[in-house]
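Dear colleague,

I am handing over the structure below, and my notes on it follow. Please read them beside the coordinates.

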Amino acid sequence: MRDRAGIAASATLHLIDSRLSFHNLNWCERLDATVTVHHAEPALFWEFEFFSASGTIVAKATIVAIAQASVEPASPEPDNSRSEGKLSTSALKDKPEHSLALDRREIIAKAASEIIADKGFAAASMREIAAASGMHVPTMYQYVKSKEEVLELVYRWVIQRVHTNVNPALTLDLPAERKLNALLKDMITGIDSMRRETGVLNRETRSLSRPARNRVLEDYAEIIGRIGHLISEGVEAGSLRSTNPLLAANFIDAICDTWALRQFAFGAYDIEAFKEEATNFVLHGLLNQNAGQRKNTTRRRAKTETAPQD
C-alpha cells in the first residue's frame with residue numbers, strides 16, 4: 001500500500017536536511033500554510049509556505065528525506081552490486097549507516113549531472129548542485145570533498161548504470177550473435193534513458209583530474225572488455241568474422257552513443273527504427289559470411305555421401 005506521494009506504507013523516512021527562513025518577523029495571531037510534496041525516488045522534498053491572515057508570506061521551510069523500504073531479513077547472497085545499478089557493493093548496502101550515505105551520494109550525482117549538462121562543469125557551482133540535491137552546501141560536503149570529486153561521482157554513477165544495462169544480454173545462454181543483437185538493443189534503450197548523462201560523459205572527460213580520469217576510464221574499459229569478450233566468443237565459434245574484439249567493441253559503444261549525442265540528426269526517427277538499423281549495421285559487419293557457405297557445403301557433402309550409388 002502506498003500513500004499519495006507514492007511511498008510504501010512500510011517505508012522508513014530518514015531526514016537529510018531541513019531549512020527555515022523568515023520573510024516577515026511581525027507578530028501574527030494566526031498563520032495559514034500550504035505544503036507541496038515532490039517525489040524524486042528515493043528522495044522526498046516538502047516545501048512549506050506560511051502566510052499571515054492578510055496573505056503575506058511570513059516564512060518558508062523545506063524538508064528533505066529519503067524513503068527506504070522495509071525488507072524482511074534474508075539469507076546472505078553473492079555480491080551482485082554490478083547488476084543493482086548502485087554506487088557501491090551490496091556488502092555496504094547491508095549496513096544502514098552506509099546505505100543512507102550512498103543514497104545521498106546518488107542524489108548528489110543525479111543533481112550534478114543535470115546542472116553540468118545544462119551549464120558545463122566549469123560554470124557549475126557547488127551551491128547550485130547542493131540546491132538541486134535539496135541540501136545545504138555544508139551538508140553536501142559531508143559526502144563529497146570537492147567539485148572535482150562530484151564530477152568523478154557523476155561518472156561512476158553513470159558507468160554503473162551502463163554496467164546494469166549490459167549485464168542481462170551478456171549473461172544470456174545464447175549463441176554470440178544473438179547475445180550481441182540483444183546487447184545492442186539493451187544498450188540503446190539504456191542510453192535513451194540517460195541522454196543528458198551520456199552527453200556529460202562524452203564532453204567532460206578533460207575536466208577530470210588525471211588520477212580520476214584514469215579511474216573512470218579503467219572502470220569503463222571493463223564494459224568494453226566484456227563486449228569484446230562476447231565478440232571473441234563469436235569469432236571462436238565461427239559465427240563472427242575474425243576481427244580485433246576491443247576495437248569492434250568500441251565501435252559498438254560509439255554507435256549506441258550516437259542515439260543520445262546526435263538527436264539533431266536522429267530525433268526524427270523512432271527509437272525502434274534506430275535499434276533495427278544499428279543492429280543490422282553492426283551484425284552485417286561482424287557476421288562471418290563464410291559460415292553459411294561452409295554449412296551449405298557440409299550439407300551437400302553429407303547428402304552426397306549418403307546418396308545411393310548406381
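Which helix gives the most to the lining of the second largest pocket? Helix 6 does, with five residues. This is a predicted model, in which local features need pLDDT of at least 70 and side-chain atom pairs count only at pLDDT 80 or more, while totals for chains, interfaces and linings use all residues. Residues are numbered from 1 along each chain as its sequence is written, and side-chain values use heavy atoms, with hydrogens and water left out.

The average pLDDT (the predictor's confidence in each residue, from 0 to 100) is 80 for the protein, and 71% of the residues score at least 70. Over residues 70–95 the pLDDT is below 50, although that stretch has 38 contacts (heavy atoms within 4.5 Å) beyond near neighbours in sequence. Where pLDDT is low, the predicted coordinates should not be read in detail.

As for the second largest pocket, 20 residues line it, and Leu201, Asn202, Tyr220, Asp253 and Asp257 are those nearest its centre. By class, 13 of the lining residues are nonpolar (Ala, Val, Leu, Ile, Met, Phe, Trp, Tyr, Cys and Pro), five are polar (the others, Gly among them) and two are charged (Asp, Glu, Lys and Arg).

Glu204 sits in the loop between helix 8 (195–203) and helix 9 (210–237), and this residue is buried (under 20% relative accessible area), with a value of 6%. Leaving aside residues up to four places away in sequence, Glu204 touches Ile116, Gly120, Phe121, Leu151 and Tyr155.

Best regards

How values were computed:
Helices (H or I, at least four residues) and strands (E, at least two) are DSSP runs, numbered from the N terminus. Buried means under 20% relative accessible area, exposed over 50%, partly exposed in between (1.4 Å probe, protein chains only). On a 1 Å grid over the protein atoms alone, a cavity is a set of points where a 1.4 Å probe fits but cannot get out, and a pocket is an open set with protein on both sides within 12 Å along at least five of seven lines; lining residues have an atom within 4 Å of a point.
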